[in-house]
Amino acid sequence: MSDNVNDIAAYYNNDPSREQTRLERHQLEYDLTWRYLDKYLPAQGSILEIGAATGRYTLELAKRGYSVTAVDMSTGLLEENKRLIAEAGLEKLVSFVLADARKLSEVTEHDFSAVLLMGPLYHLVVEEDRKTALKEAADRLKKGGIIFSAFISRFGIMGDLIKNMPEWIEDQEEVHSILEYGKDPHHHPPEGFRGYFARTDEIASLHEAMGFETLALAGVEPAISADDESYNKLEGQQRQLWLDLLYEISTEKSILGASRHLLYIGRKTPKSQP
């Protein structure tokens, strides 16, 4: 493992509720991700969730009857996840592992039906670390199993930055580093966010090099930039129809990179390394 990610664990330990409330604000990301989970997940089976955080996906997966192994490197996030699972009475369906996505030796099962890698890849700023995390996931996935990987788009973040952090543009060193390399030029303190911002054209090839067949690459916030509020306030049939439309255009290549979050779906091929 080539990068020390203790600052990332500290960032989440400092405020475990941050990820839970994030998906409450970004409801389209959550709803569209579930459209893809509904489409590609097997009807039943075991799921390895790497970067499970506070359990927004863990809880719903367990409610649907899946057996889930929830992994995270943050003790704070896992404790909140455990609490919510216990409140729902679903402890028998979920096991918890404190681990780095790049070293899953404590996860001994190698026959998972699906892997959710919904956060770690956008916190691993070194390419070899992203490859290592994908290999660890692939090694624990059965042949033909499905992987779901989340990324933050290098150019899709601009809407959020101009809306919420307009002063960011004044740090030209950081601006050019993100545009060229997809990462900040400096490590941030523990209370700050540090991540890797991907180009859309690198995601499929990264997975394919690790033995996956690409099924889809989607923007899970298509066409809204940083305007979460307009979607969040929709109700009933109107909300359903907008979700249908945004799902339909979520793989449109001309707007893919404008989505803040990207979702890759792939299948482990028979030729994958064991």
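Let's start at leucine 141, which is buried, with a relative accessible area of 1%; buried means under 20% relative accessible area, for a 1.4 Å probe and protein chains only. This is a predicted model, where local features need pLDDT of at least 70, side-chain atom pairs count only at pLDDT 80 or more, and totals for chains, interfaces and linings use all residues. Residues are numbered from 1 along each chain as its sequence is written, and side-chain values use heavy atoms, leaving out hydrogens and water.

Leucine 141 sits in strand E5 (residues 141–153); strands here are DSSP E runs of at least two residues, helices are H or I runs of at least four, and both are numbered from the N terminus. Setting aside residues up to four places away in sequence, leucine 141 touches several partners, including His110, Phe112, Val115, Phe212 and Lys268, where contact means heavy atoms within 4.5 Å. Follow the chain to phenylalanine 155, 14 residues apart from leucine 141 in sequence, and the two C-alpha atoms are 31 Å apart in space.

Now for the largest nonpolar core, which has 44 residues. Such a core is a set of buried Ala, Val, Leu, Ile, Met, Phe, Trp, Tyr and Cys residues joined through side-chain atoms within 4.5 Å. Leu41, Tyr57, Leu61, Leu116, Phe148 and Ile265 have the most contacts inside this core, and helix H3 (residues 27–40) gives the most to it, with seven residues. Another core, of 36 residues, lies apart from it, with Tyr12, Leu124, Phe212 and Leu262 among its members.

Conventions
Buried < 20%, exposed > 50% of the residue type's maximum accessible area, 1.4 Å probe, protein only.
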